[in-house]
Amino acid sequence: MAIKSVKQNNRTVEPQEKKEDIINENSLRPKRLEEYIGQAGLKKHLKILLDSARIRKEPLDHILFYGPPGLGKTTISNIIANEMQTKIKSTSWPAIEKQADLISVLTSLEFWDILFIDEIHRLKPQIEEILYSAMEDFNIDIIIWSWNGATSIKMDIPKFCLIWATTKLSKLSNPLRDRFANVIKLDFYDENELSIIIERSLRILDCEIKNPEIYQVIAKKSRWTPRIANRFVKIIRDYNIVGHSIKSELDIEKIFEWFWIDKNGLDVLDKKILESLLFNFAGRPVWLNTLASIIWEDESTIEDVIEPYLLKIWFLERTPKWRKITLEWEKYLRK
């Protein structure tokens with residue numbers, strides 16, 4: 001569908017080539033929906049939302065993306081901005097420590113802008129409450145102090161689309177979650193999808209490898225996660241630049257061994273956790289805070305970064321409190 005010029009609140013929004021599209025030619029992030037690989041259901045749904053918003057000549061309804069890190073929540077948010085030919089303002093919870101920080105961001109928005117906030121589940125409740133009226137009625141309450149007390153006034157803000165990303169949907173309050181018209185989960189990628197991403201990224205980085213089996217080796221170690229796949233691609237590019245042979249599966253396996261990634265994609269930290277559970281605790285259930293203190297890692301790092309993969313390959317069991325290895329890990333370790 002062609003994008004028509006839209007005039008609203010004395011602001012004209014029309015398609016134009018953005019400077020960043022020219023400057024970031026080597027960026028690995030896709031910029032258009034048709035370039036985005038994987039998440040077929042998500043793309044189909046977003047196309048409907050985008051087409052509807054253009055026909056209505058209104059901003060998109062608010063969107064909440066959730067799922068493990070590295071699956072493309074930030075990327076898809078930037079794609080939405082490109083597709084809508086509008087600006088995106090990005091921030092995250094550390095930059096919003098008090099209500100004034102959020103009010104400053106909200107009052108700087110223009111009609112049709114997209115506000116992207118990452119790790120939204122970490123926002124303080126008193127800051128979160130400001131968003132209720134901003135999302136529903138597009139106004140905010142501002143407190144004005146004077147010698148005889150405080151006065152609350154409502155200030156209108158332009159209609160905008162709020163896109164939030166979180167790795168922990170359960171941490172969001174019900175009132176906040178219910179204000180999103182679209183709550184969308186991003187799923188892990190399969191190895192074929194990752195192979196396509198890897199081939200594309202290597203080509204963009206001018207490191208074309210003609211053996212497709214190498215893409216599969218990299219994909220298998222990438223934990224079904226594009227961010228990790230692209231991290232490995234950049235490492236492979238560096239080895240290629242300094243002259244290391246990258247022609248066979250054996251060449252790639254050797255490179256991965258040099259930076260401590262085994263055949264199943266387990267790294268040093270993965271093995272540290274699993275071996276600690278097996279040898280230090282004889283396979284018994286261990287509380288998360290105890291495990292974190294033993295391996296000197298933050299609990300959230302274990303929960304958000306390490307455990308999703310170990311759970312998916314059946315090497316780890318967990319409850320809200322304790323962690324326990326499985327027989328599958330013991331068999332793997334003793335091979």
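**Notebook: loops, helices and a few buried side chains**

I started with Lys-159, which sits in the loop between β7 (149–156) and β8 (161–166). I am working on a predicted model, where local features need pLDDT of at least 70, side-chain atom pairs count only at pLDDT 80 or more, and totals for chains, interfaces and linings use all residues. I number residues from 1 along each chain as its sequence is written, and side-chain values use heavy atoms, with hydrogens and water left out. My helices (H or I, at least four residues) and strands (E, at least two) are DSSP runs, numbered from the N terminus.

**Entry: Lys-159**

I looked up how open Lys-159 is and found a relative accessible area of 36%, so I list Lys-159 as partly exposed. My scale calls a residue buried under 20% relative accessible area, exposed over 50% and partly exposed in between, with a 1.4 Å probe and protein chains only. I then asked which residues Lys-159 contacts, leaving aside its neighbours within four places in sequence. I got Glu-58, Pro-59, Glu-110, Phe-111, Trp-112, Asp-113 and Phe-138, where contact means heavy atoms within 4.5 Å. Glu-58 is 101 residues from Lys-159 along the chain, and their C-alpha atoms are separated by 8.0 Å.

**Entry: the chain overall**

I noted 15 helices and 12 strands in the chain. Of the 335 residues, 45% are buried. I also checked contacts between residues at least 6 apart in sequence, and 70% of them join residues at least 24 apart.

**Entry: Leu-102**

Next I picked Leu-102, in helix α4 (residues 99–107). Leu-102 has 0% relative accessibility and therefore counts as buried. With neighbours within four places in sequence set aside, I find Leu-102 in contact with Ile-96, Ile-127, Ile-130 and Leu-131. For Ile-130, 28 residues from Leu-102 along the chain, I noted a C-alpha separation of 8.0 Å.

**Entry: α8 against α10**

How do the axes of helix α8 (residues 191–204) and helix α10 (residues 226–241) cross? They come within 10 Å and cross at roughly 40°. That makes α8 oblique to α10. For the record, axes are lines fitted to C-alpha atoms, for helices over the stretch in contact, and angles run from 0 to 180 degrees between N-to-C directions. Angles under 35 degrees count as roughly parallel, over 145 as roughly antiparallel, 65 to 115 as roughly perpendicular and the rest as oblique.

I wrote down the residues that meet: Leu-194, Ile-197, Ile-198, Ser-201 and Leu-202 from α8, with Pro-226, Ala-229, Asn-230 and Val-233 from α10. By class, the contact of α8 with α10 has 7 nonpolar, 2 polar and no charged residues. Here Ala, Val, Leu, Ile, Met, Phe, Trp, Tyr, Cys and Pro count as nonpolar, Asp, Glu, Lys and Arg as charged, and the others, Gly among them, as polar.

**Entry: α10 against α11**

I followed α10 on to helix α11 (residues 249–258), and their axes come within 11 Å and cross at roughly 105°. That makes α10 roughly perpendicular to α11. I see Phe-232, Ile-236 and Tyr-239 of α10 making the contact with Ile-252, Ile-255, Phe-256 and Trp-258 of α11. I sorted the residues of this contact into 7 nonpolar, no polar and no charged.

**Entry: Arg-223**

Is Arg-223 buried or exposed? Arg-223 counts as buried because its relative accessibility is 9%. I place Arg-223 in the loop between α9 (212–220) and α10. Its side chain reaches the backbone oxygen of Gly-265 at 3.4 Å. Not counting residues up to four places away in sequence, Arg-223 touches Phe-188, Ile-228, Gly-265, Leu-266, Asp-267, Asp-270, Ile-306 and Tyr-309.

**Entry: Ser-276**

I found Ser-276 in helix α12 (residues 268–280), and with a relative accessible area of 5% Ser-276 is buried. Beyond its neighbours within four places in sequence, the contacts I list for Ser-276 are Lys-271, Phe-281, Leu-291, Ile-294 and Ile-295.

**Entry: positive phi**

Most residues other than glycine have a negative phi. I looked for exceptions. Gln-39, not a glycine, has a positive phi of about 50°. Gln-39 lies in the loop between α1 (19–23) and α2 (40–56) and is buried, with a relative accessible area of 9%. For Asp-206, I noted a positive phi near 60°. Asp-206 is in the loop between α8 and α9, and at 67% relative accessibility Asp-206 counts as exposed.

Terms used. Polar contact = N/O pair within 3.5 Å; in protein donor to acceptor, adjacent residues only side chain to side chain.
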